[in-house]
Structure formats: C-alpha cells, structure tokens
Amino acid sequence: CFDTGHALVGGIDPVQGVRLCGPRIAHLHLKDVDGALLARVQSGELGMEEAWGAGIFCPFGDGAVDFTAVLAAPELAGFSGWSVLEQDRVAVRAADLESVRAVEERNLAVVLAAQPSA
C-alpha cells in the first residue's frame with residue numbers, strides 16, 4: 001500500500017515514492033496534505049495528533065500533493081490495483097455527513113481531472 005499523504009508527512013515526495021515502489025504497489029491511497037500544517041509539524045510547533053485534528057489531511061486540491069504528477073508516473077501505467085480516495089478525519093458526527101459528502105465529491109472530481117489522458 002502506498003499512501004500519498006502519509007508519504008509526504010513522513011518526508012517522502014509522493015511522486016518519488018511511486019517511482020521507487022512502482023510495481024510493488026497493489027493499493028494506492030490518494031490523500032492530500034495541508035502544506036502550512038505540515039510545516040508546523042516539521043518545525044516541532046505542532047504535534048501530529050494536533051495537526052490531524054486541525055485537518056492536516058485536507059480536501060484534495062487544497063494541499064501539497066500533486067495528483068496529476070503522481071497519477072502520470074510511468075510506474076503506474078496500467079495500474080490495476082485498488083485506488084482509495086481518502087481524507088482522514090477526526091470524529092465525524094452525523095450532522096457533518098452532508099458537508100463530508102460534498103468534500104468527498106470534490107475530492108473525486110479533483111482525482112478524475114488529474115487522470116492522464118488515454
């Protein structure tokens with residue numbers, strides 16, 4: 001499993017990670033990361049738990065992951081494994097579901113627009 005968001009938080013450029021792991025990737029988790037919150041984690045100003053609660057895993061297109069470059073990596077050409085669009089959240093309540101759905105629909109639109117042309 002390769003997760004673009006966790007890779008970036010861990011200090012790995014997601015495109016380089018895909019290029020490095022290419023044929024071994026059976027599950028691709030696409031996740032975006034808020035660059036400003038990531039910088040605060042990297043500087044030690046904010047702990048990861050706090051950053052998670054503050055939304056470090058942000059709506060797609062609002063963060064630092066270049067989905068177009070990730071999906072265009074030659075190592076993913078013909079990829080037939082699982083792809084998961086994922087935005088990790090903390091404590092979603094039933095009252096949040098409508099807004100969560102709207103964000104997830106937007107996340108899907110961003111990834112579909114990032115797909116390489118066939």
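Biologist: In what sense do β2 and β3 pair, and over how many bridges?

Modeller: Keep in mind that this is a predicted model. Strand β2, residues 27-30, pairs with β3 in the parallel sense, over 4 bridges.

Biologist: Which residue in β3 is the bridge partner of H27?

Modeller: W82 is the partner of H27. For L28, the bridge partner in β3 is S83.

Biologist: And β1 with β2, over how many bridges?

Modeller: They pair over 2 bridges, again in the parallel sense. Across that pairing, D3 stands opposite H29 of β2.

Biologist: What order do the strands take in the sheet?

Modeller: The order is β1-β2-β3, and the sheet of 3 strands is open. β1 (2-3) and β3 (82-85) are at the edges with a single partner strand each, so one side of each has no neighbour in the sheet.

Biologist: What holds such strands together in general?

Modeller: Backbone hydrogen bonds pair the strands of a sheet, in a parallel or an antiparallel arrangement.

Biologist: Back to D3. Buried or exposed?

Modeller: D3 is buried, at 10% relative accessible area. This residue belongs to strand β1.

Biologist: What does the side chain of D3 reach?

Modeller: One of its polar atoms lies 2.9 Å from the backbone nitrogen of H6. Leaving out residues up to four places away in sequence, D3 touches H29, K31 and E86.

Biologist: Where is E86 found?

Modeller: In the loop between β3 and α6, the helix at 97-114.

Biologist: Which side chain does E86 make a polar contact with?

Modeller: The side chain of H29, at 2.9 Å. Beyond four places in sequence, E86 is in contact with D3, H29, L30, K31 and F60.

Biologist: Switching topic. How many disulfides are there?

Modeller: The count is 0.

Biologist: Is C1 buried or exposed?

Modeller: C1 counts as exposed, with 65% relative accessibility.

Biologist: On to the helices. Which residues of α2 are buried?

Modeller: P14, V15, G17 and V18 are buried in α2, which spans residues 14-21. They are on the same side of α2, because they cover an arc of only 160° around the axis.

Biologist: What covers them?

Modeller: The cover includes β1, α1 (4-9) and α5 (67-72).

Biologist: What happens at the start of α2?

Modeller: A side-chain oxygen of D13 comes to within 3.0 Å of the backbone nitrogen of V15. D13 sits in the loop between α1 and α2. Its relative accessible area is 39%, so D13 is partly exposed.

Biologist: Which residue caps the N-terminal end of α3?

Modeller: D34 does, for the helix at residues 35-42. A side-chain oxygen of D34 lies 2.9 Å from the backbone nitrogen of A36. After α3 comes G44, with a positive phi near 90°.

Biologist: Zooming out, how many helices and strands does the protein chain have?

Modeller: There are 6 helices and 3 strands. Along the sequence they follow the pattern β-α-α-β-α-α-α-β-α.

Biologist: What is the radius of gyration of the protein chain?

Modeller: The value is 14 Å. A compact globule of 118 residues would be near 13 Å, so the chain agrees with that. The C-alpha atoms fill a box of roughly 40 × 35 × 20 Å along the principal axes.

Biologist: What share of the residues counts as buried?

Modeller: Of the 118 residues, 35% are buried.

Biologist: And what share of contacts comes from residues 24 or more positions apart?

Modeller: They account for 77% of the contacts with a separation of 6 or more.

Note on methods:
Residues numbered from 1 in each chain as written. Predicted model: local features only at pLDDT ≥ 70, side-chain atom pairs only at ≥ 80, totals over all residues. Heavy atoms only, no water. Pairing = 2+ DSSP bridges. Buried < 20%, exposed > 50% of the residue type's maximum accessible area, 1.4 Å probe, protein only. Polar contact = N/O pair within 3.5 Å; in protein donor to acceptor, adjacent residues only side chain to side chain. Contact = heavy atoms within 4.5 Å. Disulfide = S-S within 2.5 Å. Arc of directions from axis to C-beta. Rg over C-alpha atoms; globule rule 2.2 N^0.38 Å.
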